[in-house]
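Hi there,

Here is the structure I promised to pass on to you.

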Amino acid sequence: MDIINLEEYIVNLCDKARIASYNLAQSSLTERNNILRILSEKLQEPENINKIIENNAKDMEYAKGKISEVMLDRLMLNEKRIKDIAGALIKMIALSDPLNKGDNWIQPSGLSIRRIKVPLGVVGMIYESRPNVTVDAAALCIKSGNSVVLRGGKEAINSNLILADIIRQSIKSAGFDENCVQVIEDITRESANILMRQHGKIDVLIPRGNAPLINNVRENSRIPVIETGVGNCHIYVDYNADFDAAANIIVRSKFRASVCNAVETVLVSEKIYKDFLPVMKKRLNELNTEIRGCEKTLEILKDATPATDEDYYAEYLDFIVAVKVVKDVAEAIAHINKHNTKHSDAIITNDMKNAKEFQEKVDAVAVYVNVSTRYTDGEEFGFGAEIGISTSKLHARGPVGLNELTTVKYLIDGDNLVR
């Protein structure tokens, strides 16, 4: 497809999504939940399961050798994972309606003002090789009354297209315009660039993927962006931490290395590093994790790789951990605030004064005490599914769920008032 026709194609998708959004925005909670119920059922039909697995196998074959093993695992769909996606839709149905909630008041002038939650309108999303995101994003947008235009990555294109087809069938079966969910079939970089220019047709753009993708969208989009995803997450092991508990939290925070809330950097108090690092390494060996450490780390862990300054900024998305020995909680906080991506950071400690200081001073979406960073998740926070983890400070911060996919509208009544 040439660039002129590609632009016309994407503009047409966006226009159809806009038109479809109006009826969806006015629908009842029961109607929107019915779409999700039908979708959950269709995903579990044996014929559709087979189609999804067949198309996913094409993606897996294409991606082998092009992406890491941990990223291949994120791409893969089997019957259990498909049924888990379907089950998540049922959980989403149980969530309360994010729309039409609000407050009201009367001004001295006589204005009667209501402020209510309404859909954003049309959401655009650019994301990489996780086909479950196609269903999650579509379902969250449907439940919150939004249309969505999805542009997935080339590694998952066959999976995304079959899932989108099932989603659109479900919307039509429920009596709504299936164009409220659109998938851009073109997987060239130009399609993403064109989508980023659709100001006035797309209300908000959400990138989800690695740092280069998110940076590209943030720097080039003409549409307001909810920035998500990049996670250089830290765990600081304080001077009086329980060694076994700390090592276990670190391992469990790295168990799925390909996710944005996995730990990437471990900081260790200089008071305990000689004794703690061997305990930690023994547990990380269970995951065949490479350790990149500072000079003091290398004194104890002879086979560790010397860390560069870039390592302390890295989101590896792999079984690699950067390790640094620090003087105390103050130095840990300073290191984190310099190197983190404002995602999720944790302290393991039995000193509640240090815990309080850590939570107050670390600048991040989620700051944990004696808890794995892996808990930064919409479902774990009680929000249901999420469209991503926002690390920005405007509108939405943290798991972007149903409420974050709404904006406000003011409804004002009066008795022939003039100003």
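**A buried asparagine and its surroundings**

Let me start with Asn160, which has its place in helix H7. Please keep in mind throughout that this is a predicted model. With a relative accessibility of 1%, Asn160 counts as buried. Setting aside neighbours within four places in sequence, Asn160 is in contact with Tyr127, Pro131, Thr134, Gly152 and Gly153.

**Helix H3**

H7 turns up again as part of the cover over helix H3: the buried residues of H3 are covered by elements including helix H2 (29–43), helix H4 (69–75), helix H5 (79–93) and helix H7 (157–173). H3 itself takes in residues 46–63, and its 18 residues should span 26 Å at 1.5 Å a residue. The C-alpha atoms at its ends are 26 Å apart, which agrees with that expectation.

Which residues of H3 are buried? They are Asn48, Ile49, Ile52, Asn55, Asn56, Asp59, Met60 and Ala63. Looking down the axis of H3, these buried residues fall within an arc of 150°, so they line one face of the helix. After H3 comes Gly65, with a positive phi near 85°.

**Two enclosed strands**

Strand E6 (residues 204–208) is mostly covered, with five of its five residues buried. Val204, Ile206 and Arg208 lie on one side of E6, Leu205 and Pro207 lie on the other, and all of them are buried. E6 runs parallel to strand E3 (residues 122–127), and five bridges join the two. Within this pairing, Gly124 has Leu205 of E6 as its bridge partner.

Strand E7 (residues 233–237) also has five of five residues buried, so it is largely enclosed by the rest of the structure. Cys233, Ile235 and Val237 point one way from E7, while His234 and Tyr236 point the other way; all are buried. E7 pairs with strand E8 (residues 263–269) in the parallel sense, over five bridges. Opposite Tyr236 stands Leu267 in E8.

**Helix H13**

E7 and E8 also meet helix H13: the buried residues of H13 pack against both of these strands, as well as strand E11 (320–326), strand E12 (344–348) and helix H14 (352–361). In H13 (residues 329–339), the buried residues are Val329, Ala332, Ile333, His335, Ile336 and His339. Seen down the axis of H13, they fall within an arc of 165°, so they line one face of the helix.

**Rings and charges**

How many aromatic pairs are there? The count comes to two. One is formed by Phe243 and Phe276, whose ring centres are 5.3 Å apart and whose planes stand at 70°, so this pair is edge-to-face. Phe243 lies in helix H10 (residues 243–254) and Phe276 in helix H11 (residues 273–284), so the pair ties together parts that are 33 residues apart in sequence. Phe243 counts as partly exposed at 24% relative accessibility, whereas Phe276, at 0%, counts as buried.

Phe381 and Phe383 also form an edge-to-face pair, with 5.9 Å from centre to centre and 85° between the planes.

Lys271 lies over the face of Tyr239, at 5.1 Å from the ring centre. The charged end of Lys324 sits over the ring of Tyr312, 5.7 Å from its centre.

**A contact across the sequence**

Last, a look at Leu111, found in the loop between strand E1 (102–106) and strand E2 (112–119). Leu111 has a relative accessible area of 30% and is partly exposed. Leu111 and Leu417 are 306 residues apart in sequence, yet their C-alpha atoms are 8.0 Å apart in space. Not counting residues up to four places away in sequence, Leu111 touches Trp105, Ile106, Ile412, Asp413 and Leu417.

Best wishes, and happy browsing!

Notes:
Residues are numbered from 1 along each chain as its sequence is written. This is a predicted model: local features need pLDDT of at least 70, side-chain atom pairs count only at pLDDT 80 or more; totals for chains, interfaces and linings use all residues. Side-chain values use heavy atoms; hydrogens and water are left out. Rings of Phe, Tyr and Trp (its six-membered ring) pair if their centres lie within 6.5 Å; planes under 30 degrees apart count as stacked, over 60 as edge-to-face and the rest as tilted. Helices (H or I, at least four residues) and strands (E, at least two) are DSSP runs, numbered from the N terminus. Buried means under 20% relative accessible area, exposed over 50%, partly exposed in between (1.4 Å probe, protein chains only). A charge sits over a ring if NZ of Lys or CZ of Arg is within 6 Å of the ring centre and within 35 degrees of the ring normal. The expected span of a helix is 1.5 Å times one less than its number of residues. The arc is that of the directions from the helix axis to the C-beta atoms. Contact means heavy atoms within 4.5 Å. Two strands pair if DSSP finds at least two bridges between them.
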